[in-house]
Amino acid sequence: MNDRGEATKPRVGSSSCLLGNEVRYDGGHCREEVVADVLSGWLTIIPVCPEMEIGLGAPREPIDIHVGEGGRIALLSKETNRDFAVVMAEYARLRVSELEGERLGGFIFRSDSPSCGVKGVPRYRDGASPEEGSGLFAAELLSRMPTLPVVEEGDLRRSDDLYQFLVRVYTYDRWKMLTYTGLTGASLKRFHLSIRDLVEAGKTGSWVELGSLPEPGDLPDAAVKEYERRLMILLEKPPGREGNAETLCRIAFSLEKKGGAPFMAEAVTAVEAYRSAGTSLVRAKEAVRRMRSAVPDDLPAVDTFLTPFPADLAEAIDRPASYESR
Ligand code: SF4
């Protein structure tokens, strides 16, 4: 656990069943350890169970999405054939408005659910194979907050996707705080400089392209929204082992010249071990951070890349068994 105050932690929604709450149709839960035991120490987790919140109770009949005449969506209970689509749509509209007003910084969804699944949820149609889409609550959230970092619980079991989800959540939270407190040309410039290495790792040229969007000193809403949209797309996929290793090497060589030389050999060894899947990204960044600690200069892009979220959270999610996937 960490000791950050609640007010400063990013606020992330989660399907309630992932936290171990017994809200599933069968009266059970599908507790996900990393959400319930790890992330909850650093993030303010907001539990949401759309099916309980529309009053279905647990246990309850399972429900499915059906597509009828003219594309009309129905959310039908399997045994009694009751349709909850209208009540779910109204609930989702109001609940998403509430969440928008609560500085929501991300959402962790339970996969395969007709309410919470993000992708691959079957939508049945008479006489045809099912289409695939999102659950109805997830669909409303995704359409109203298209730049919000979202993930399904299964993705969090892959170390690189978990790491990148946290990069997205903390970057989004920092960006939103900036926009809430009044974005200026100067504060946008500072933010933009700070995310250079994070955005550029594995995607050369993307940072320069991103920065060409808003006009300096003139920040029309549309340009700010477009900046946010492109930023979050660029951060969606993890940079990959080569992209991270190259960026770490470049940073290590620049720090060597500024006073970090005593720690250079150790850093290069760690980065090369990471490149060949012999250690984790967290360990490689930690070694380069030791060089950084010997350099007094203000280096916002380097600091954001090396520590995109709290170092103790990085430590908590570091899992040696999964180095292969990093
Ligand atoms: S998947 Fe969503 S609707 Fe289903 S039990 Fe979990 S939180 Fe509730």
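## An exposed alanine in a loop

A277 counts as exposed, because 12 C-beta neighbours lie inside 10 Å. Here a residue is buried if 20 or more other C-beta atoms lie within 10 Å of its own, exposed if 12 or fewer, and partly exposed in between, with C-beta atoms placed from the backbone. A277 sits in the loop between α11 (264-275) and α12 (281-292), and its phi is near 65°, a positive value in a residue other than glycine. Helices (H or I, at least four residues) and strands (E, at least two) are DSSP runs, numbered from the N terminus.

## About the model

This is a predicted model, in which local features need pLDDT of at least 70, side-chain atom pairs count only at pLDDT 80 or more, and totals for chains, interfaces and linings use all residues. Residue numbers start from 1 along each chain as its sequence is written.

## Strand β3 and its partners

Let's turn to the strands. Two strands pair if DSSP finds at least two bridges between them. Strand β3 (residues 63-67) runs antiparallel to strand β4 (residues 73-77), and five bridges join them. β3 and β4 form a hairpin with five residues between them, and G70 in the turn has a positive phi of about 65°.

β3 also pairs with strand β6 (residues 121-125), in the parallel sense, over two bridges. There, I65 has R123 of β6 as its bridge partner.

P59 lies in the loop between α2 (50-53) and β3. The peptide bond from A58 to P59 is cis, with omega near 0°.

R103 is in the loop between α3 (85-101) and β5 (104-109), and has a positive phi near 55°. R103 is partly exposed, with 14 other C-beta atoms within 10 Å.
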